[in-house]
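Let us walk through this model from its overall build to a few individual residues. Please keep the sequence and the coordinates at hand while reading.

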Amino acid sequence: MQNAVTEPQSRTATKAAQLIAASARTSFDPFADVDWSLPLDDDAYHLPPEKLPLFGTPQWDAMTQDTRYEYSRHECAALCGAGIWFENKLMQIVLRHLAEIPVTDPSHRYLLVEVADECRHSTMFGEYIRRAGTPAYRPAGIDDLDVDALPGGRAMGYLLILAIEELLDVCNRATMRDDAIHPVSRQIARIHVLEEARHVSFAKAYLGEEWPKLSDTERAEAAAVAPIAVDVVAKLMVHDDVALTLGIADGAEAARANPHHRARIVGDLAKLVDFLTELGVVDDATRPEWVARGLAA
């Protein structure tokens, strides 16, 4: 009797199996691994100053140290609010993917792990907001991003997952490494960095395998829309209501025009743009649009 021929696993399935094992080794419970007994007061920055949208503006220069701490608490809460809605979008993409793959595929089990991660992250962000005493900042414009209507199908969905994860990851890494930052913010950032690294790894494996399978027309249409979609995400890093809540005159306008903030976005997206360049999403034809929108140098 001949042995059945075993089909080789796809790169994505192989990566998924590796990430399942990594998740079993290292996963966190934010209600056990964050010290919520610490008050979210204004004795320290809640995000690194250089990651705050108003850093380096006249509005920033006019703030006292205590006011800067308070401002950072509101920006951290706004970032947590954006994180909840980002992850809501990501889970929609992943859950639709789950509905279409067999349970025998290692990706199925891994994506369930990823959804569980995102649920815990959203509860962690929500807990920070509740304890920070700020408004529940909800990002404006995220509902305008209809992933299902974008060309490229699920490949475009995972491209946006990467854009969101990379923007958050750079800020989180800076936060967790800075001893001057409030310890609760640092603990949240560390959890997010370690678990989101798996999500980034899977998204890159999936996108790297699926993008070449698109037709020439699909790739061209998706590549043309990609900078527009990523721009929607990048703009959510400034929440207009933070300045309104704190009475900072022309704060939102100053933040969006701030050369330091604009350079920060380019820097934070650099790894994504490099990856998309290797994949052919960003090329000589599409790069000018990424540059014009302030997403690449």
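A residue is called buried when its relative accessible area is under 20%, exposed when that area is over 50%, and partly exposed in between, with a 1.4 Å probe and protein chains only. This is a predicted model, in which local features need pLDDT of at least 70 and side-chain atom pairs count only at pLDDT 80 or more, while totals for chains, interfaces and linings use all residues. Residues are numbered from 1 along each chain as its sequence is written, and side-chain values use heavy atoms, leaving out hydrogens and water.

Helices (DSSP runs of H or I, at least four residues) and strands (runs of E, at least two) are numbered from the N terminus.

As to overall dimensions, the C-alpha atoms fill a box of roughly 80 × 45 × 30 Å along the principal axes. The radius of gyration, taken over C-alpha atoms, is compared with a globule rule of 2.2 Å times the number of residues to the power 0.38; for 297 residues a compact globule would have a value near 19 Å, and the 20 Å of the protein chain agrees with this. Buried residues make up 52% of the 297 residues. Contact here means heavy atoms within 4.5 Å, and among contacts between residues at least 6 apart in sequence, 80% join residues at least 24 apart.

The interior can be approached through its nonpolar core, a set of buried Ala, Val, Leu, Ile, Met, Phe, Trp, Tyr and Cys residues joined through side-chain atoms within 4.5 Å. The largest such core has 88 residues, and those with the most contacts inside it are Tyr128, Tyr158, Leu276 and Trp290. Helix α4 (residues 65-98) gives the most to this core, with 14 residues. Leaving aside neighbours within four places in sequence, Tyr128 is in contact with residues that include Trp36, Leu40, Arg73, Cys76, Val184 and Ile188.

Helix α4 also holds Tyr71, which counts as buried because its relative accessibility is 1%. Beyond residues up to four places away in sequence, Tyr71 touches Leu52, Pro53, Leu54, Trp60, Met63, Val242, Leu246 and Ile248. In helix α5 (residues 106-132) one finds Ser122, which at 15% relative accessibility counts as buried and which, apart from neighbours within four places in sequence, is in contact with Ile84 and Glu87.

Two loop residues complete the tour. Asp250, in the loop between α9 (240-246) and α10 (251-257), has a positive phi of about 55° although it is not a glycine, and at 55% relative accessibility Asp250 counts as exposed. Gly280, in the loop between α12 (270-279) and α13 (287-292), counts as partly exposed because its relative accessibility is 31%; its C-alpha atom is separated by 31 Å from that of Ser23, 257 residues apart along the chain.
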